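Visitor: I'd like to learn how to read a protein model. Could you walk me through one?

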Amino acid sequence: MEIDKKKDIRALTKEQLRDFFVNQGDKAFRGNQVYEWLWQKAAYSFDSMTNISKETRALLERHFVINHIRVDQMQRSTDGTIKNAVRLHDGLVVESVLIPTSKRTTACVSSQVGCSLDCKFCATARLKRMRNLNPDEIYDQVVAIDNESRLYFDRPLSNIVFMGMGEPLMNYNNVLKAIEKITSPEGLGMSPKRITVSTSGVPKMIKKMADERVKFKLAVSLHSAIDEVRTSIMPFNATFTLSDLREALAYWYQKTKSRITYEYVVWHGINDTQKDVDALVDFCRFAPSKVNLIEYNPIDDGAFRQANDDAIDRYVETLERNHITVTVRRSRGKDIDAACGQLANKS
Ligand code: SAH
């Protein structure tokens, strides 16, 4: 019973931790020391806090636990990509991915266990959303990948994308708290400019982010700029329509002056005509934008098929002619099911 009552110490703010020590007759400063161990040094046990006295560590042990993730399984792709199966303190599992290029290491992290959305082409959508991740569970995924980057690539993590499992804007508060810790000098001290939050497009939350003047980048998984088409592959588009999305994005740009990136897969027979391209060009007009044409990663049943090269070329030519930046992105880590849309806890 005693154990059940113990609180997760990382749910406490620094102030609360300082207060705890003052209430115990110790100095508030002790709170700062422990806080540094918990976040900057990412300690997972009180025993590892070597500049804290034995008595104080025992006190912490009596009152708190440190809930933390465990990397259950690590798979390495032939292209260097690493996928972590991450076990949470309650036994649930999410996945995160380390993507190395010649100059960078990018962490692709999850924000929810499963996903509340229902995109027809995404493996994660087949799992129902079980729960939101806590800020520390997001932070820990980043720390694990930073460690792996140092170990295997001899350099720290350089970028983070919220493109793992889940819809980050449906777990907005915790994602924001995690980013605060990741960017704080008291955490990992990373620049927010190196962080991208990817969303399927939740207009209300995009406006909220704009109002809060967040400093990270925004990517939107668009896939079609025609309502009927988008609703057929991303059914929540019936509720969050393109016109609402566009209005929210215009607001975002007006407030942040930060360019929007669109993630876009071109599928055979779904969005591969000139009409689809023109709609995309039209959708992009209101603000500087960039389109990432991403490769489709088949997920079992074959209902979706990547469009042929001619269709991709048509997108590239038309976008460029209209002065919209476009890149064609190859997938990484396909052999270990670590590519976009493949995260589904197969193990
Ligand atoms: N829910 C957020 C975060 C997930 S990001 C979002 O939708 O943006 C995952 C990215 O991979 C999204 O751009 C998604 O549209 C894309 N994706 C999903 N399934 C895919 C697949 N099978 N092949 C390629 N990309 C896929």
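This is a predicted model: local features need pLDDT of at least 70, side-chain atom pairs count only at pLDDT 80 or more; totals for chains, interfaces and linings use all residues.

Visitor: What order do the strands of the open sheet have?

Guide: The general idea is that strands of a sheet pair through backbone hydrogen bonds, either parallel or antiparallel. Strands (E, at least two residues) and helices (H or I, at least four) are DSSP runs numbered from the N terminus, and two strands pair if DSSP finds at least two bridges between them. Here, 10 strands make an open sheet in the order E3-E4-E5-E6-E9-E10-E11-E12-E13-E14, with mixed pairing.

Visitor: Which strands stand at the edges?

Guide: Those are E3 (70-76) and E14 (325-329); each has a single partner strand, so one side of each is left without a neighbour in the sheet.

Visitor: How many bridges join strand E12 to strand E13?

Guide: E12 (residues 260-264) and E13 (residues 289-294) run parallel and are joined by 5 bridges. Ile 260, for instance, has Ser 289 in E13 as its bridge partner.

Visitor: Now a helix. Which residues of H6 are buried?

Guide: Buried means under 20% relative accessible area, exposed over 50%, and partly exposed in between (1.4 Å probe, protein chains only). In H6, the buried ones include Tyr 172, Leu 176 and Ile 179. Contact means heavy atoms within 4.5 Å, and the buried residues of H6 pack against several elements, among them helix H3 (28-38), helix H5 (135-153) and strand E10 (195-199).

Visitor: What does Asp 146 touch?

Guide: Asp 146, found in helix H5, touches Pro 156 and Leu 157, not counting residues up to four places away in sequence. At 12% relative accessibility, Asp 146 counts as buried.

Visitor: And how many disulfides does the count come to?

Guide: A disulfide is a pair of cysteine sulfur atoms within 2.5 Å, and the count here comes to 0. Take Cys 108: the closest cysteine sulfur, in Cys 340, is 6.7 Å from its own, too far for a bond.

Visitor: Are Cys 108 and Cys 340 buried or partly exposed?

Guide: Cys 108 is buried, with a relative accessible area of 8%, whereas Cys 340 counts as partly exposed at 37%.

Conventions
Residues are numbered from 1 along each chain as its sequence is written. Side-chain values use heavy atoms; hydrogens and water are left out.
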